[in-house]
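Please look over the structure shown below with its side-chain contacts in mind.

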Amino acid sequence: SYSLSEVDIWLCIPCGTDDDIISRSRIIYRKSNDLLYCLFGKFLIMNEDKKARWKNMIYNWVVVYLSNYIGCIIGAGIIGYFGELYKQEPWITYVREIAVAKTSHTFLVVFVRAVAANHLVCLAVIMATAAETVEGKLAAAWWPVMVFVVLGLEHCVASMFLSSVSFFYGSTCSFSDFLVKNLIPATLGNMVGGAGLAGAAYYYLHVWQPSPRTPSSPSSPSSSLA
């Protein structure tokens with residue numbers, strides 16, 4: 001059975017995705033789709049028009065990643081800690097152990113979970129983009145994110161926020177352990193899940209066109225008799 005504190009976290013995390021989609025702000029799972037364009041051609045087409053550059057994309061990606069982390073720390077401090085959102089039981093015991101729990105798995109386990117997580121999150125963005133109303137966008141984005149949280153998958157931005165709350169409330173986990181055992185493998189897995197499973201698949205299905213084959217000329221009768 002699941003505790004009340006776990007259900008509370010599950011219900012809150014999708015709100016961030018909904019807010020990002022409606023406000024068209026930037027979060028790292030959207031930038032993992034940008035990597036797709038570099039890897040599979042569209043970015044190269046943009047380069048021909050001098051509208052984009054590799055260094056611009058990488059710069060944008062780094063800025064968005066660091067900004068996400070700063071925002072998670074600020075949000076965890078203002079809402080989670082100074083707002084005393086998790087001060088009472090059962091939440092305080094649960095959030096103190098979040099960072100410890102996130103560092104209890106191997107690098108490979110976190111990486112694989114992160115691949116699946118960002119595939120679901122990118123699916124939420126794609127579904128929300130297809131919706132035409134605000135209500136439709138909210139409903140489409142909510143469920144894939146809810147699924148990844150309930151399944152215990154790993155997303156780097158979610159880990160940034162949850163670990164920050166855990167550290168504010170006195171987690172016994174060290175930041176170096178969190179960085180090496182969770183954040184790095186989660187980030188790498190999110191990149192693969194976003195640019196590979198989501199971006200590459202949709203690019204192949206809806207954008208990529210194979211080069212037309214040149215028909216071979218039929219051999220002349222004289223050459224076949226020779």
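## Salt bridges

In this predicted model, K87 counts as partly exposed at a relative accessibility of 43%, and its side chain meets that of E84 in a salt bridge with an N to O distance of 3.4 Å. E84 likewise counts as partly exposed, its relative accessibility being 47%. Side chains of opposite charge can pair when their charged atoms come close.

A search of the whole structure finds 2 salt bridges, and K102 with E154 forms one of them, the closest N and O atoms lying 3.0 Å apart. This pair links distant parts of the chain, since K102 belongs to helix α6 (residues 98-102) while E154 sits in the loop between α8 (134-150) and α9, 52 residues apart. K102 is buried, with a relative accessible area of 11%, and E154 is buried as well, with a relative accessible area of 3%.

## Aromatic rings

A pair of aromatic rings is described by the distance of the centres and the angle of the planes. The count for the structure comes to 7 aromatic pairs. One of these joins Y81 and F82 in an edge-to-face arrangement, with 5.1 Å from centre to centre and 80 degrees between the planes. Y81 is partly exposed, with a relative accessible area of 33%, whereas F82 counts as exposed at 62% relative accessibility, the cut-off for exposed being over 50%.

Y81 also pairs with F168, and here the ring centres are 5.5 Å apart with the planes at 20 degrees, so the pair is stacked. F168 counts as partly exposed at 30% relative accessibility. Taken together, ring pairs link Y81, F82, F168 and Y169 into a cluster.

## Cysteines

How many disulfides does the structure hold? The structure holds 0 disulfides, a disulfide being a covalent bond between the sulfur atoms of two cysteines. For C156, the closest cysteine sulfur is that of C72, at 8.8 Å, which is too far for a bond, because a disulfide requires the two sulfur atoms to be within 2.5 Å.

C156 is buried, with a relative accessible area of 1%, and C122 counts as buried too, at 0% relative accessibility.

How values were computed
Residues are numbered from 1 along each chain as its sequence is written. This is a predicted model: local features need pLDDT of at least 70, side-chain atom pairs count only at pLDDT 80 or more; totals for chains, interfaces and linings use all residues. Side-chain values use heavy atoms; hydrogens and water are left out. Rings of Phe, Tyr and Trp (its six-membered ring) pair if their centres lie within 6.5 Å; planes under 30 degrees apart count as stacked, over 60 as edge-to-face and the rest as tilted. Buried means under 20% relative accessible area, exposed over 50%, partly exposed in between (1.4 Å probe, protein chains only). A salt bridge is a side-chain nitrogen of Lys or Arg within 4 Å of a carboxyl oxygen of Asp or Glu. Helices (H or I, at least four residues) and strands (E, at least two) are DSSP runs, numbered from the N terminus.
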